[in-house]
Amino acid sequence: MKALVYKGPRDVRVEEVPDAKIEQPTDVLVKVTTTNICGSDLHMYEGRTDVEKGKVLGHENLGEVIEVGKAVSSVKLGDLVCLPFNVSCGFCKNCERGFTGACLTVNPGKAGGAYGYAGMGPYEGGQAEYLRVPYADFNCLVLPEGAQEQQNDYVMLADIWPTGFHATELACVEPGESVVVYGSGPVGLFAAYSAILKGASKVMAVDRLKDRLALAEKIGAIPIDDSKGSPVDQVMELTDGQGADKGCECVGYQAHDVEGHEHPNMTMNNLVSSVRATGQLGVVGVFPSKDPKAEDKLEKHGQIAFDLGNFFEKGLSMGSGQANVKKYNRHLCQLIASGKAKPSFLVSHELPLDEAADAYKHFDARERGWTKVVLKPFAAHAKRGKAAGAKH
């Protein structure tokens, strides 16, 4: 089968690899019809992780079930399914408590597994023609009728929308509150979108890329361009000097200033300064336990210079970590099915798998207009620009 394979820093290629197949009776085999490139994939693409060469990437996957293991009971041949990026068993202590992102079964010695990702177990990714899905009864979200024509909406349930929603849950966003979101990449935009759906009175989205800020404004957020002045000052001006009620960090350790210099603590400390006393923070931007290639001495060991004094004096609280996708995906699915949500607003490019390597280059360069790339492994032709079904 064809798949996108990691070969080294900024070197990914579509190659022929051994076919995915059922390995356990609890597996299903999925023909991947839609899969996304995620901002998290860029950490591996840029060589900032220890992902092994030869790994098939891709953890935002949707497709048709074409083979079913003997022990699978609720997933049927022909079902269109969306797959949480978290590979989880459903029966360990953490899964039983809803923390499927920290499954204790699928990646022995660590908490949590995922498709096609560094340090997240042996599972190959879905930027490929076929994908093996373990513990399929638990991991497959069977999509409703009509989903075939809305795949660009439903594929967002694999990771990016639940992760943005997770940020608002960690921050305990409630109706009527003001929210500031640092980062208007895909996760940040979905955090802003989720806050709006929850009834936030004011959502402020911080970034400096014009296309991202335009999308933030389009969905109802107030864009804040941090290249035009302190984002903290701008938030304070918009909140009568009080700060936002709640805040979300959706950038992570590769935060950088206007000149392009990395400051892994920048958005975290700005967030602390932007949220009012006793407010709450949701942190879903990636902060690894080690980053040997970082220029910052602390970041090499997974540490940052955090404004703990400010955080403590303001009495802030903070939640963090990867999204437990299964906790949210069924409910978010119903918002799509009912017409209440259209998450494909984010899609900028719909391309065949053969063009994935080139798409990585554009997405990694943060080129104007490349907000979210959807890959179609069995598509014959590319659809340039705003993809079909992506109108907001």
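Residues are numbered from 1 along each chain as its sequence is written. In this predicted model, local features need pLDDT of at least 70 and side-chain atom pairs count only at pLDDT 80 or more, while totals for chains, interfaces and linings use all residues; side-chain values use heavy atoms, with hydrogens and water left out.

The largest nonpolar core has 47 residues. A nonpolar core is a set of buried Ala, Val, Leu, Ile, Met, Phe, Trp, Tyr and Cys residues joined through side-chain atoms within 4.5 Å. Buried means under 20% relative accessible area, exposed over 50%, and partly exposed in between (1.4 Å probe, protein chains only). Leu 143, Leu 157 and Trp 161 have the most contacts inside this core. Elements that each supply at least two residues include strand S5 (80–83), helix H5 (160–170) and helix H11 (329–337). Helices (H or I, at least four residues) and strands (E, at least two) are DSSP runs, numbered from the N terminus. Helix H6 (186–197) gives the largest share, seven residues. A second, separate core of 25 residues includes Leu 4, Tyr 6, Leu 42 and Val 373. Leu 143 touches Leu 62, Leu 80, Val 81, Cys 82, Tyr 154 and Cys 333, not counting residues up to four places away in sequence. Contact means heavy atoms within 4.5 Å.

Ten aromatic pairs are present. Rings of Phe, Tyr and Trp (its six-membered ring) pair if their centres lie within 6.5 Å; planes under 30 degrees apart count as stacked, over 60 as edge-to-face and the rest as tilted. Tyr 45 and Tyr 360 form a tilted pair, 5.2 Å centre to centre, with 40 degrees between the planes. This pair joins helix H1 (residues 41–45) to helix H12 (residues 356–364), 315 residues apart. Both tyrosines, Tyr 45 and Tyr 360, are buried. Trp 161, Phe 190, Tyr 193 and Phe 345 make up one aromatic cluster.

The charged end of Lys 198 lies over Phe 165, 4.7 Å from the ring centre. That of Lys 326 lies over Phe 138, at 4.5 Å.

Lys 55 lies in the loop between H1 and strand S4 (60–68). Lys 55 counts as buried because its relative accessibility is 2%. Leaving aside neighbours within four places in sequence, its contacts include Leu 4, Tyr 6, Tyr 117 and Glu 124. A polar atom of the Lys 55 side chain lies 3.1 Å from the backbone oxygen of Gly 121.

Definitions and conventions
Lys NZ or Arg CZ within 6 Å of the ring centre and 35° of its normal. Polar contact = N/O pair within 3.5 Å; in protein donor to acceptor, adjacent residues only side chain to side chain.
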